[in-house]
Amino acid sequence: MRNIVFSFSPAGGTQKVAEAIGKLIGCGVADITTDDFGSAIEEDARVFFCFPVYGGRIPKPLNDRMQHITGKGTPAVLIAVYGNRAVEDA
């Protein structure tokens, strides 16, 4: 199974977490912070989304970018990076 790590990291902290995960599972990191990334993920992939949480929510630009990533039963792991606050609705 192929692993894919997507990182949305406006301040850089989440990128460090994404790179550590990518290194651990043996894959690179696709930075979707500033690039509109549209992709269909193949069925034999596992996807990791790394993102910050602001005020208990995911950033709106991340939500917009995720609308262009599709999969067919692709397993996804969400990694919320935050500090000093609960994840809440993220």
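**Charge, fold and selected contacts of the chain**

The chain carries 9 positive and 10 negative side chains, and the centres of the two sets are separated by 4 Å; in this count Lys and Arg are positive and Asp and Glu negative, while His and the chain ends are not counted, and each charge is placed at NZ of Lys, CZ of Arg, CG of Asp or CD of Glu. The model is predicted, and for this reader local features need pLDDT of at least 70 and side-chain atom pairs count only at pLDDT 80 or more, whereas totals for chains, interfaces and linings use all residues. Residues are numbered from 1 along each chain as its sequence is written, and side-chain values use heavy atoms, with hydrogens and water left out.

The chain contains 2 helices and 6 strands, where helices (H or I, at least four residues) and strands (E, at least two) are DSSP runs numbered from the N terminus. In sequence order these elements follow the pattern β-α-β-β-β-α-β-β. With a radius of gyration of 13 Å, close to the 12 Å that the globule rule gives for 90 residues, the chain is as compact as a globular protein of that length; the radius is taken over C-alpha atoms, and the rule is 2.2 Å times the number of residues to the power 0.38. The C-alpha trace spans about 35 × 25 × 25 Å along its principal axes.

Of the 90 residues in the chain, 34% are buried, a class that means under 20% relative accessible area, with exposed meaning over 50% and partly exposed in between (1.4 Å probe, protein chains only). The accessible surface of the chain comes to about 5400 Å², and carbon and sulfur atoms account for 52% of that surface, as given by the Shrake-Rupley method with a 1.4 Å probe, in which only the protein chains shown count as cover for residues. Among contacts (heavy atoms within 4.5 Å) with a separation of 6 or more, 80% join residues 24 or more positions apart.

The structure holds 1 salt bridge, defined as a side-chain nitrogen of Lys or Arg within 4 Å of a carboxyl oxygen of Asp or Glu. This salt bridge links K60 with D64, whose closest N and O atoms are 2.8 Å apart. Both residues belong to helix α2 (residues 60–66), where K60 and D64 lie 4 residues apart, about one turn of the helix. K60 is exposed, at a relative accessible area of 56%, while D64 is partly exposed at 35%.

In helix α1 (residues 13–25), T14 is buried at 5% relative accessibility. Leaving aside residues up to four places away in sequence, T14 touches S7, F8, S9, C50, F51, P52 and V81. Q15, also found in helix α1, is buried at 18% relative accessibility, and with the same exclusion of residues up to four places away its contacts are S7, S9, V29 and D31.

Towards the end of the sequence, A90 is found in the segment after β6 (76–81) and is partly exposed, with 32% relative accessibility. A90 touches F51, V53, G56, R57 and I58, not counting residues up to four places away in sequence. The C-alpha atoms of A90 and A80, which are 10 residues apart in sequence, lie 7.6 Å apart in space. In strand β5 (residues 69–71), I69 is buried at 13% relative accessibility, and its C-alpha atom is separated by 23 Å from that of V87, 18 residues apart along the chain.
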